[in-house]
Amino acid sequence: MKHAVLTFILLWGVVCCGALAAVAKEAQPAAEDPQLEERLAKLSAELRCLVCQNETLADSRADLAVDLRNQIREQMKAGKSDKEIVAFLTQRYGDFVLYRPPVKPQTYLLWFGPFLLLAFGLLFLFRYVRWRRQSIVEQPLSDDERRRAEELLKMGPGKEPA
Amino acid sequence: MTRYIYLIPLTFFVLLVVFLGFGLTRDPREVPSPLINRPAPAFRLAQLHDPTKTFSASDMRGKVWLLNVWASWCASCREEHPVLLELSRSGAIPLYGLDYKDQPEDGIAWLSELGNPYLLSARDRDGRVGIDYGVYGVPETYLIDREGIIRFKQIGPLTPEVLEQKILPLYKELNSQ
């Protein structure tokens, strides 16, 4: 009995969710041009909302983000390329709007710094290992020690020397 | 080498502290504007108090002036307002306003309630001019020189300190050129 009730509730939940999803889909603004909306979503996911700086322009509900999305939409409709639109935004807000900073002299350190660090690290590691190897002094076993070592080896594992 | 090997982590630590110290004392909300030393974007907008007249940045050629972006819905503008009133009383710098994304009635009511420091304000109802100026947090203030070049931008409320230490000296310098 308990099982049946649970199943019923679960099923009912699934049905409701499905219905909700359908409604949600319907409630979306009848985007005039789904292709353009998709392009907008893709581009604005690469852009930072300046009001809430850790959100993308696509996710943000800030007023400015809404305005900027509208402007981008307009420019897309006017046939501007993504590059032109990004240029429009960086002219106004600087490279900070880009989540993917452009490669240019000011950002060389940002882009290539990690590789530089890696190179330094490898160099350091290499030199350290070489230095270690050089500083190890070979200490040959004395005859006594050698005999003892051989004894131990002969005894095999798990046994203590007498 | 062995003797100095202990200095390596220490060096890293000091470097880290320096970088963190630098980063933590800066305001991440202040995004350097790419518009500094660039021509102020052109606009022509209706005046707030008289929509039959317009105001344009190009009307101000030959003058060094301040453009203050404000709105009646902006809380920090209220905080900034006494500073602007004081500035306008002193007449030190011509001050113009841009009523950003605001209902004109609200803007006018706000100014009549708190006092109007502006020689005039322009209506930027849909915020397009604001976007051209890279506005992202009202209030913002721009110092524009005779050639129409933006020389300074204050993000957030103007304080007496910023006015005294940065804007007024720069204004004097630009004005004497």
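From the N terminus on, chain A runs α-α-α-α-α-α, which comes to six helices and zero strands. Helices here are DSSP runs of H or I with at least four residues, and strands are runs of E with at least two, numbered from the N terminus. The model is predicted: local features need pLDDT of at least 70, side-chain atom pairs count only at pLDDT 80 or more, and totals for chains, interfaces and linings use all residues. Residues are numbered from 1 along each chain as its sequence is written, and chains are lettered from A and ligands numbered from 1 in the order in which they are written.

Chain B has five helices and seven strands, in the order α-β-β-β-α-β-α-β-α-β-β-α. Its radius of gyration is 20 Å, well over the 16 Å that the globule rule gives for 177 residues, so chain B is more spread out than a compact globule. The radius is taken over C-alpha atoms, and the rule is 2.2 Å times the number of residues to the power 0.38. Along its principal axes, the C-alpha trace of chain B spans about 80 × 35 × 30 Å.

The table gives burial by chain. A residue is buried if 20 or more other C-beta atoms, placed from the backbone, lie within 10 Å of its own.

| Chain | Residues | Buried |
|---|---|---|
| Chain A | 162 residues | 11% of residues |
| Chain B | 177 residues | 34% of residues |

Two residues are in contact if their C-beta atoms, placed from the backbone, lie within 7 Å. Between the chains, the contact takes 15 residues from chain A and 13 residues from chain B. The chain B side has seven nonpolar, four polar and two charged residues. Ala, Val, Leu, Ile, Met, Phe, Trp, Tyr, Cys and Pro count as nonpolar, Asp, Glu, Lys and Arg as charged, and the others, Gly among them, as polar.

Definitions and conventions
A residue is buried if 20 or more other C-beta atoms lie within 10 Å of its own, exposed if 12 or fewer, and partly exposed in between; C-beta atoms are placed from the backbone.
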